[in-house]
Amino acid sequence: MMNQFIYLGSCDTCKRIIKEVNLPKNIVLRDIKKVPLNPDELKLFKDITGTFRSLLNNRAQKLKNIDKSTLSEEKIFLLLNEHYTYLKRPILHFNGQLLIGNSKKNVEAIKNIF
């Protein structure tokens, strides 16, 4: 699996992080809207993090009418396959590890890798 930075092209926070982090040229930039994750990639990411919930964007507009506490791993997997908006972003997939989300701590961790 290639090293990649998964983001949403229309997301200002993702664009700011890309500028801030100064990713090396060998990292593939992947706009999740144009090239969504496939089920096998989602399963690989779950194997790394332990849960599909870790990949879920809890602030997704589409989740507003869903009781998040009732979501099973299977249901989260289905949601993640259904629409890119459910995916927490950005995600750095680098040398077998994942850094997920836009928290300060996560952005600092990404900077520390490079």
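How many bridges join strand β1 to β2?

1. Four bridges do, and β1 (residues 4-7) and β2 run parallel. Strands here are DSSP runs of E, at least two residues, and helices are runs of H or I, at least four, all numbered from the N terminus. Two strands pair if DSSP finds at least two bridges between them.

2. Bear in mind that this is a predicted model, where local features need pLDDT of at least 70 and side-chain atom pairs count only at pLDDT 80 or more, while totals for chains, interfaces and linings use all residues. Residues are numbered from 1 along each chain as its sequence is written, and side-chain values use heavy atoms, with hydrogens and water left out.

3. Now the whole sheet. Its four strands form an open sheet in the order β2-β1-β3-β4, with mixed pairing. At the edges sit β2 (28-31) and β4 (97-100), each pairing on one side only. On average, neighbouring strands are turned by 15° against each other, direction ignored.

4. Next, the helices. Helix α2 (residues 39-49) packs on the sheet and touches β1, β2, β3 (91-94) and β4, with contact meaning heavy atoms within 4.5 Å. The direction of α2 makes about 95° with that of β4. Helix α4 (residues 104-113) also packs on the sheet, touching β1, β3 and β4, and its direction makes about 140° with that of β4. Axes are lines fitted to C-alpha atoms (for helices, over the stretch in contact), and angles run from 0 to 180 degrees between N-to-C directions.
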